[in-house]
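Biologist: I am new to this structure and would like a close look at one part of it, the salt bridges. Please go through them pair by pair.

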Amino acid sequence: MNTPRRPSVPNVNSPLFRRPSAKFASAEAAKLAGGSKAMGDKRISMAALLSLASENDAEVDDALTKAQRKLRELKGRISSQSKRNFLLERDVRYLDSRIALLIQNRMALDEQQEVASALEEAEAVEGSLPDDRRRQLYGNLFFLLQSEPRHIAVLARLVSLSEIDTLLQTVMFTIYGNQYESREEFLLLSMFQNVLAHQFETAADFGNLMRANTPVSRMMTTYTRRGPGQTYLKTVLSERINHVIESVGLDLEINPLKVYEQMIIDIETTTGEPCNLPRGLTMEAAAANPDVKAILAPRHKTLTDVANSFLATIIDSIEQVPYGIRWICKQIKSLTKRKFPDATDENLCTLIGGFFMLRFVNPSIVTPQAYMLVESTPQKHPRRTLTLVAKMLQNVANKATYSKEPYMLELNPFVEENRASINKFLLDLCDVPDFFEALEMEQYIALSKKEIQLHINLNEIYNTHALLLQHLDALAPNPKHHLRVCLEDLGPAPAQVSRSENKSIILPLFSRWETPINDTLSTLGDGELTQTDLIYMDTKAHFVHILRTLPNLIHMPGFTLLKAADNAASSRDQTLMKKGLKARELLRQLEELGVIDPKDGHKLIIEEIKQELEHLGNLRETINKEIGSLEIVFKTILDHNNYLRNQLESYKTYLQNVRMQSGIQKTAKPSVQGPITISHTQLEKDGVIVESNIPENRRSQIFFNIISPVSGTFVITLNFKGRTTPILEMDLKLDDLLEKQKMGVELLDLEYVQLSVNKILVLIRKNFLKGSK
């Protein structure tokens with residue numbers, strides 16, 4: 001009898017076989033890619049399935065398991081909260097367009113009521129489909145959509161811009177809603193590849209690629225806003241952005257005309273007399289002024305230093321860029337070369353930079369508060385600095401054009417000096433392994449799970465059903481196509497339900513055409529994985545389990561595997577006892593097969609078990625670091641949720657006011673409200689006052705009165721203690737404030753002070769419109 005060969009043993013406890021995060025998946029894929037066909041080896045797929053069968057977190061309760069459980073729960077909360085934020089952002093966008101009509105008094109009364117009803121919140125109540133058969137049919141349909149993403153890819157190309165947000169909600173946050181599970185991530189990315197390939201195939205010329213606002217571009221932007229992308233931005237850019245924001249007094253304006261105008265203001269403020277410098281100069285004339293030149297020279301240098309620090313931070317962060325974002329960059333490069341074989345590296349970098357910089361990095365620099373990177377809106381000078389830095393980064397990543405802003409030409413040395421390094425970075429972003437073999441393995445793992453399920457609401461189900469039926473001929477032209485069979489069995493799509501009826505349900509997913517798991521296992525073996533291999537891996541997994549549960553055993557004098565198995569077998573814990581008995585039996589089988597030798601104390605397998613335990617210890621440290629990072633991300637996502645809710649509250653206030661004035665709600669003739677009196681100090685503390693030109697030694701004597709003489713109109717006065725008449729008086733209309741908020745105007749200038757538009761709306765709602773909720 002031949003001695004059985006020493007089996008090639010995969011790392012059954014590594015993160016690769018524990019359904020890793022996208023971050024772990026990319027790292028492991030990179031390692032495996034170096035081993036030629038390692039990822040494709042069927043033994044690895046088989047080992048993954050075995051590890052799932054033998055390693056159950058519920059059976060081990062050590063520090064690693066607790067950390068893994070905490071990490072999974074945190075990732076689940078981030079995924080759920082991201083979906084809630086997406087829905088709120090969609091509501092805000094919808095109401096932005098409707099509020100514009102309200103402001104212009106062009107909306108019919110029934111439409112006003114419709115918009116008002118859109119704001120009625122429905123609690124996330126668990127529901128169910130009353131018909132069990134339809135529940136199974138929808139489970140078939142959504143399993144097919146999730147596991148065969150080409151259907152969604154085609155649908156995404158067919159829907160209109162008005163329909164894309166609803167589809168994105170279902171795709172990004174429900175069908176592939178677990179943002180940290182590698183299988184769902186890989187399936188989502190394969191859908192992206194299909195969509196991108198079609199866009200490149202149909203592109204008329206190079207210049208049109210990746211630029212228009214299309215459903216595809218909206219999908220790509222939404223993808224970058226998921227948890228991994230948000231984590232990257234927070235980790236890499238928040239510290240740099242906050243450093244700029246802290247420099248409140250640093251004015252780096254480089255537009256010569258603005259610098260010239262500010263110079264006149266400064267002269268008049270200092271001297272108290274009118275400045276005799278000429279007014280109404282052209283840009284060129286202002287740039288030629290010697291004093292303006294003297295102001296601009298150091299600003300150009302400082303701005304270049306700041307931009308260089310941002311660029312260096314971004315380039316150094318390449319290993320932190322989420323795998324999915326790098327993979328999309330890789331597809332852009334590959335598809336461009338295929339469509340335009342003569343495209344240069346500079347052409348490639350222009351397109352890659354159009355995605356990575358223009359749609360991902362730069363928006364977060366320009367509006368860091370919207371990306372949850374800072375706690376408050378940047379003040380005037382830092383805000384302008386961040387905008388200029390983003391322009392510089394975009395110019396260095398794309399072919400710079402200075403036709404609209406010729407003053408940016410002075411910063412061209414920064415562009416020329418850094419173009420080579422940014423191009424290298426953009427090309428290096430594309431240097432990641434493909435995931436198709438990893439996806440195949442993850443699909444096998446999915447088949448071994450007892451249950452795949454979606455948390456989905458009724459309107460998501462019905463809307464997806466309706467869209468699929470609408471485009472069925474393009475999606476499934478063959479009468480025997482599985483998608484067509486599913487839809488024909490379901491029949492017509494139900495109508496959308498009201499918010500109060502839009503229950504969230506748990507939908508189990510399974511395929512009526514699924515291959516039984518036993519058949520899949522036999523296919524995976526395919527003669528490459530012997531019975532001896534399986535026994536060896538199973539033995540090793542059992543001893544790792546025992547030593548994780550009883551970690552002191554391995555440090556005891558005279559430690560042997562047999563003693564460890566006996567110790568576990570005599571435990572009062574039933575699970576551990578069974579593990580011990582099984583481990584002892586497996587150890588005996590390996591000895592009989594000649595795979596391990598009791599004479600050397602099972603030295604070989606003990607060394608591998610120790611390596612596994614060491615690996616798991618290192619893994620725990622990595623997981624704890626990831627938990628710390630994601631806890632920060634989760635907090636910022638919650639903060640953004642509160643910000644969005646404040647916006648919606650402002651809309652509710654406005655709509656209530658409109659309905660009162662339109663007679664939708666009959667109320668008594670409103671009486672004068674107020675005044676309320678608030679000190680300058682309190683308004684500063686509450687963040688209502690963003691900037692103040694009032695000397696600090698006078699601020700304690702300044703207070704504000706706000707009165708509402710008629711509904712929707714407010715008079716705000718700035719007063720000085722002891723003075724009978726106000727220093728300043730201004731009329732505010734709620735319509736105007738809401739329009740400013742809609743247009744993204746963040747500050748309200750009252751000459752002596754600048755107020756936050758959002759905070760003044762909150763103040764008005766709190767004190768004058770309490771009954772409007």
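Modeller: What follows is a walk through some salt bridges of this predicted model.

The structure holds 15 salt bridges. One of them joins Asp 473 to Arg 484 through their side chains, with an N to O distance of 3.1 Å. Asp 473 belongs to helix α20 (residues 472-475) and Arg 484 to helix α21 (residues 482-490), so this pair ties together parts that are eleven residues apart in sequence.

Another salt bridge lies within a helix. Glu 585 pairs with Arg 588, and their closest N and O atoms are 2.4 Å apart. Both residues sit in helix α25 (residues 574-593), three residues apart, which means that about one helical turn separates them. Glu 585 has a relative accessible area of 30% and is partly exposed; Arg 588, at 36% relative accessibility, is partly exposed as well.

A further salt bridge brings together the side chains of Arg 150 and Glu 148, at 2.8 Å from N to O. Here Arg 150 counts as partly exposed at 42% relative accessibility, and Glu 148 counts as partly exposed at 22%.

Technical notes. Residues numbered from 1 in each chain as written. Predicted model: local features only at pLDDT ≥ 70, side-chain atom pairs only at ≥ 80, totals over all residues. Heavy atoms only, no water. Salt bridge = Lys/Arg side-chain N within 4 Å of Asp/Glu carboxyl O. Buried < 20%, exposed > 50% of the residue type's maximum accessible area, 1.4 Å probe, protein only. Helix = DSSP H or I, 4+ residues; strand = E, 2+ residues; numbered from the N terminus.
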